Amino acid sequence: MQDAQYWLTDVRLETGYRYESGAVAETETSLFHIRVENGKIAEIISAASKLEDPLPKRHMNGRLMLPSFRDMHIHLDKTYYGGPWKAPSIPANGIFTRLEEERELLPRLLPAARERAGKLIDLLIGSGTTRIRSHCNIDPVIGLGNLEATLQAAEDYKGKAEIEIVAFPQHGLLRSQSVSLMRQALKNGASLVGGVDPATVDGDIEKSLETTMELAVEADADIDLHIHDGGHLGLFTFQRLADLTEEAGWQGRVTLSHALALADIPQEKAAAACDRLAGLGISIASSVPLGRTIPIPLLHERGVKVSLGDDSITDHWSPFGKGDMLEKAGTLAERFHLVDELALGQALGYITGGITPLNRSGEQVWPRVGDEANVVFVDASCSAEAVARRAKRLAVFFKGNLVFETSSSAR
C-alpha cells in the first residue's frame, strides 16, 4: 500500500503486564486502529471506535505489531546467497587464510555482487528488518568495486529499507595500504569508517587507531571496528580506542563489532571496561556466536548499547546464516537463559535499536504518534512469544509503505 494516508485496523498492541506474586505473569494487549500519514503514525485509537472517514483501510485481523528490526552487522558485498550453493572451500586457519583467498575470489564474485546483495536484502526485509548496516570491502584487491555494487543495491531498495555502508579495510588499513582508498570510499557513498584488529592484522595498535580516527574526523563519519583480538590484547585495544574517542570528542559515534575480548576476561574487568565504554557512548555489535559469546546482559546492565547482526550469510567465511534478526534475539535469550515473560519481551530491544512496546515497569512506550511507521506484524500474542518462538513474519512496513507480506497476513 503506497497511500499517503490510511488506517491499519484491528492492530494488536501491548498495553501492560499482569503480575502474580510480584512477578510478571502475562503481557496484556488490546486492539487499536492506527492512522498512518506520510510515513508516520499519526493517530492511535481504540478498535472499539467506529471509523467513518473515507481513508483506505488495511485490516490486520488482530495481528501483533512490533517495531521493525535492525541488522547492524552484515556483509552484503561478498555473499554466495542467491547463487549456487557453495560451502567454504578450505578450513580457515585464522583470518589470514581467508584474506589470501579473497585475492582471487572477490574479483570473481564482483559481476554478481549487486544481484546477490539485492537477494540478501530481500531475505532481510522478509524477516522484518528495515535498517541494515553493511560492512563493505575496501582494499587494493577489489578497490571500490564492491562499494559501487553495494551502493547500487542500496539504491535498488530505496524506499524499502535504510541501508548504511561501512568502508571496511578487510585486509588491514595499514597492512594493505588502504588509507587513500578509504578516503575515496568515504567521498563516494560510504558513511562510516571501518577497521579490523589493529594489533593482529595491522601490527600497530597506535598507528592503526590514530589513522582510523583521523579518517573519521576528516570525513565527519562514525566508526565501526571489527575487533576479534581476545584477552588482554583486545582489552588494551578497547582502552586505547576509548582514549582516542574522548580526545577527538567522538562520544556516541563509535561501535565495536564482535569485541570478543569481553568473553575472555574476568567479570570484574569486563564490568570496568563496560563502564568506560558506556561513559563514552561506545556501542557493541554482536552476532551472538555460539562458542564465544560476550556477556551481553552485563553490557546492557552497565549501560552499553548492544545491537545484533548476522555477520556472514553463506559466504567463504561461513556456510551458515539465516538473515533473521528475531532468530538472533531468540538465540541470545537461550544463551543467557532469558526465559521469563519480562526478560523475553525486553530482549526484543537488542534488534530494534532499544525500542520495546513496554518498558521494564510495564508502561506502554511504543508506538507513539509521530513515530516512523517502520513496523512488522507477527503471528504471536506478545513480544515474549515472538522472541521465544521466532514468530512468523506476516507483513513489514517501512516508512508507511508495505514492503513485504504473506498471503495470510491481512486483507
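**Helix packing, cavities and pockets**

Q: Which element gives the most to the lining of the largest cavity?
A: Helix H4 gives the most, with 3 residues. The model is predicted, with local features needing pLDDT of at least 70 and side-chain atom pairs pLDDT 80 or more, while totals for chains, interfaces and linings use all residues. Residues are numbered from 1 along each chain as its sequence is written, and side-chain values use heavy atoms, leaving out hydrogens and water.

Q: What makes H3 and H4 roughly parallel?
A: H3 (residues 179-187) and H4 (residues 205-219) pack at about 25°, with axes 11 Å apart. Angles under 35 degrees count as roughly parallel, and H3 and H4 therefore are roughly parallel to each other. Their crossing is right-handed, the term for a near helix turned clockwise from the far one by less than a right angle.

Q: How do you know which residues of H3 meet H4?
A: Contact means heavy atoms within 4.5 Å. Val 179, Met 182, Arg 183 and Leu 186 in H3 meet Thr 211, Leu 215, Glu 218 and Ala 219 in H4. By class, this contact has 5 nonpolar, 1 polar and 2 charged residues; Ala, Val, Leu, Ile, Met, Phe, Trp, Tyr, Cys and Pro count as nonpolar, Asp, Glu, Lys and Arg as charged, and the others, Gly among them, as polar.

Q: Why is a space called a cavity, and how many cavities of 30 Å³ or more are there?
A: A cavity is a set of points on a 1 Å grid where a 1.4 Å probe fits but cannot get out. By this rule there are 2 cavities of 30 Å³ or more. About 50 Å³ lies in the largest cavity, whose lining includes Leu 173, Asp 197, Ser 208 and His 226. The second largest cavity has about 40 Å³, and Leu 76, Lys 78 and Arg 116 are among the residues lining the second largest cavity.

Q: What makes a space a pocket, and what volume has the largest pocket?
A: A pocket is an open set with protein on both sides within 12 Å along at least five of seven lines, and its lining residues have an atom within 4 Å of a point. The largest pocket has a volume of about 1100 Å³. Among its 33 lining residues, Ser 287, Pro 289, Asp 311, Ser 312 and Ser 318 lie nearest the centre. The lining of the largest pocket divides into 9 nonpolar, 13 polar and 11 charged residues.

Terms used:
Axes fitted to C-alpha atoms, helices over the stretch in contact; angles between N-to-C directions. Helix = DSSP H or I, 4+ residues; strand = E, 2+ residues; numbered from the N terminus. Parallel < 35°, antiparallel > 145°, perpendicular 65-115°, else oblique. Points joined across faces, edges and corners; volume = space filled by probe spheres on them.
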